[in-house]
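Please look over the sequence and the model shown here before reading on. The report below moves from one chain to a contact between chains and then to a single residue.

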Amino acid sequence: MKNLRGYFVIFAVLGLLCAGSFLLNAAGETIQIKGSDTMVNLGQAWAEEFMAENPQASLAVTGGGSGTGIAALINGTCDIAEASRDMKPQEWDQAKKAGHYVQEFKVAVDALAVVVHPSNPIKQLTFDQLSGIFTGKITNWNEVGGKDQKILVLSRDRNSGTHVYFLEHVLRKGNEKGPEQYAPATLMLPSTQAIIDEVAQSESTIGYVGLGYVSPKVKTLAVSKTNDGPFVGPSKAAAMDKTYPIARPLLFYTARAPQGSVKAFLEFVLSEKGQGIVETMDFVPLGDKA
Amino acid sequence: MKISTQTQQKIAFTLLGIASTVVIVPVIVIFAILIQKGLPAINWQFLTAMPRSGMRAGGIFPAIMGTLYLVSGTILVALPLGVLAAIYLVEYARRNLLSRMIEVAIVNLAGVPSVVYGLFGMGLFVIYLKMGVSIIAGALTLAIMTLPVIITSSKEALQSVPRSFREASLALGVSKWQTIRCVVLPNALPGILTGTILGISRAAGETAPILFTVAAFYLPRLPKSIFDQCMALPYHLYVLSTQVPNVSPKIQYGTALVLVGMVFLLNLVAILVRAHVRSRKQW
Amino acid sequence: MRKFREFVIEKTILLNGFACILFVVLIFFFLAKDGLALFKFVSIQDFLFGTLWNPLAEPPQVGILPLFLGSLIVTLGATVIAIPLGMACAIFIGEIAPRWMRETLKAGVELLAAIPSIVIGFIGMTMLGPVVKNLFHLPTGLTALTGSIALAFMAIPTIVSIMEDAISSVPRIYKEGSLALGATHWQTIYRVMIPAASSGIVAAVMLGIGRVIGETMAVMMLTGNASVMPKTILAPVRTMTATIAAEMGETVRGSEHYFALFALGLVLFVITFFINLVADAALHGKQK
């Protein structure tokens, strides 16, 4: 019986603590940032630096994919959505229905590198060839001049903005509503890191990753939009002067015109310091022409 | 050529022994790998500092605290609910359709996939009850998930208290509830405790239920209220092993080691309590 | 006054007893609320038997057959590995191991059960995947087989503990009678005790299967997540659970994709419901 009473006491104390901590949470709003897994590390780096300069600010960063962030923005559960793709018309509609006036801000550029195993003899591919490979029309490396091996196609999963960007701009060659789809046999890996690891291990793989994830374990290919070239390899310089064709803007979406701490954060991100962080994180800063 | 039955037996028993070894070996191997690769990362700083430079350095303190918050919330809800339900089933229910249905319900709750709990938690707590992605939503989801474990072990604990105890108490004129409270429960407490600890260790290690209900990738500070998000060890391990590029394996294994260490410790305590109780039993 | 307090307490306890039924109903209700909404847009046949899962297409294709078969093949593979191993272990622990070994083995099996699935997924990704890849000369180690192996070890503790209970509750006279008639210990086990414990064994198998079908994190990290119709166990597959976990975050609430994922959750719930029903019937029948 004593045990029970003791238990009730603990119960009551914990309950009071919980309630108390809730009441103490009066001041101090956290800026919620959600979205692209590509951008999540960049977002965190920005948040850390911003909070170091502004100790009273509080930012929380969560990933889950561009779609997650945009959904959260529409649902009202975040302040800034990080996205590595544009919002779709359907999403713009839903945002309007929810009463938001969504604003879009370009904050950095990301080059997507097409990667293969270092032992793969292929050095370059055209968009047509890439589209054929990723949609499953081209199934063997020897069809594009490589070894006689079945191509193993890797991709990010559907919640990733990277997945959608690659789909629209490479598979569908810029035609957003095109019929092309990733081949059903495509492996959908939960993260870019997983893609790098698989490509590094398996000779017949091909995948796409953000420039920041490229490591010596994998080999990057030069690509060309048209069939004659020029073939350009992925690099920060090539992305900045727009000669590399698979470069996409990284975006912030807010549900209304930014105010207060969100505005301050945005200004920080676009400032020289913020763009310097972009470079350290192996993304491409906006450059002089935004 | 006929093998004698004795030899058949020897062969069979050897095979069975080998099979049992195969089952146990992964436990040892996993633990060995985690210690070998993760122990170098564990130091006081790792356990008490916040993550830095994109989680590649610093510590995992907020994830540890988040897991502790979630676990506390889970017990707070699941323990009273579970024990009272078990009391109902053992002390008050009659053998009728209703009690059968409750038992079927318990077996089902135990078997629901963890990701379905996540969907349910999101649908009910995050969206419908408007709690948002928060500690309370996550804790409530985990609590319902843990309920079957607590009920089942509490039921067994209560059932193992001899009837003579109850009958003696009732014969002395004590009311039914008082008998339960003062005679049955205290004797069943160790068994209830074991079940609770096992339930906690499961709740601490689950990822899928907290994916959509509470987990955050990075929080600069500890959560201030139960309506905040929090980080958690299992989700942190998932994030470190799939989403952060170039994390040193040391940190990944270190996080896994802390998680497994916590879970193993809880289980060990439960096993010891159970053994101690069995040896001390006076009936 | 005391009578009143007793009354209140007893009614509270009664309510708690019903809580479990309430929760099962609630889970079903919330899954159905959003899951059945899908069928305003898509026919049930297209959903259950469609072979393409492309929820981001215009219009969305939400055929779950590849996902269902993916779950099925991983589950079957895991069961094929787990049942013999689990059964062997249960028999060994229950009948053959000496006293000191028994407790160690039981503790070992319980610790195996305690390992969180995310840790198994993590270690599997770094250790098991490459082994499978090199052993079978596959292009990638992320296959249904990899998932099956990892899941088998997660299901074995369930199978072992229930089977062990079943075998130990076979009446002693069966065993003693058989031995008295001159059968060896082993013959007694496989000809007398196991058939006698068969309903418990069935329950153990069903609950093990239920555990495997419902597993999420380990499969998501180990099976490659390719939504193909599986033809072999040595290729990547995509399970229903991994699909929900991977895609839920990205959907906008109220979109077809959102409803489709809830419908998928409903399918999972119904499947495990029936598995548990069968297991419970088997266990309960044995008690009679």
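## Report on the predicted model

The residue C:E215, in what is a predicted model, touches C:S117, C:L151, C:M154 and C:T241, when residues up to four places away in sequence are left out. The position of C:E215 is in the loop of chain C that lies between α9 (198–213) and α10 (217–222). C:E215 counts as buried because 29 other C-beta atoms lie within 10 Å, and the cut-off for that word is 20 or more. Between C:E215 and C:A107 there are 108 residues of separation in sequence and 23 Å in space, taken from C-alpha to C-alpha.

Turning to chain A, its fold has 10 helices and 11 strands, and buried residues make up 48% of its 290 residues. Of the contacts in chain A with a separation of 6 or more, 71% are between residues 24 or more positions apart. Helix α2 of chain A, residues 37–53, has 17 residues that should span 24 Å at 1.5 Å a residue, and this agrees with its end C-alpha atoms, which are 25 Å apart. Among the buried residues of α2(A) are A:W46, A:A47 and A:F50.

Chains B and C also meet, with 67 residues of chain C in contact with 66 residues of chain B. On the side of chain C that touches chain B, helix α1 (residues 2–35) of chain C gives the most, with 19 residues. The table sorts this side of chain C by class.

| Class, side of chain C touching chain B | Count |
|---|---|
| nonpolar | 46 residues |
| polar | 15 residues |

Note on methods. Residues are numbered from 1 along each chain as its sequence is written. Chains are lettered from A and ligands numbered from 1 in the order in which they are written. This is a predicted model: local features need pLDDT of at least 70, side-chain atom pairs count only at pLDDT 80 or more; totals for chains, interfaces and linings use all residues. Helices (H or I, at least four residues) and strands (E, at least two) are DSSP runs, numbered from the N terminus. A residue is buried if 20 or more other C-beta atoms lie within 10 Å of its own, exposed if 12 or fewer, and partly exposed in between; C-beta atoms are placed from the backbone. Two residues are in contact if their C-beta atoms, placed from the backbone, lie within 7 Å. The expected span of a helix is 1.5 Å times one less than its number of residues. Ala, Val, Leu, Ile, Met, Phe, Trp, Tyr, Cys and Pro count as nonpolar, Asp, Glu, Lys and Arg as charged, and the others, Gly among them, as polar.
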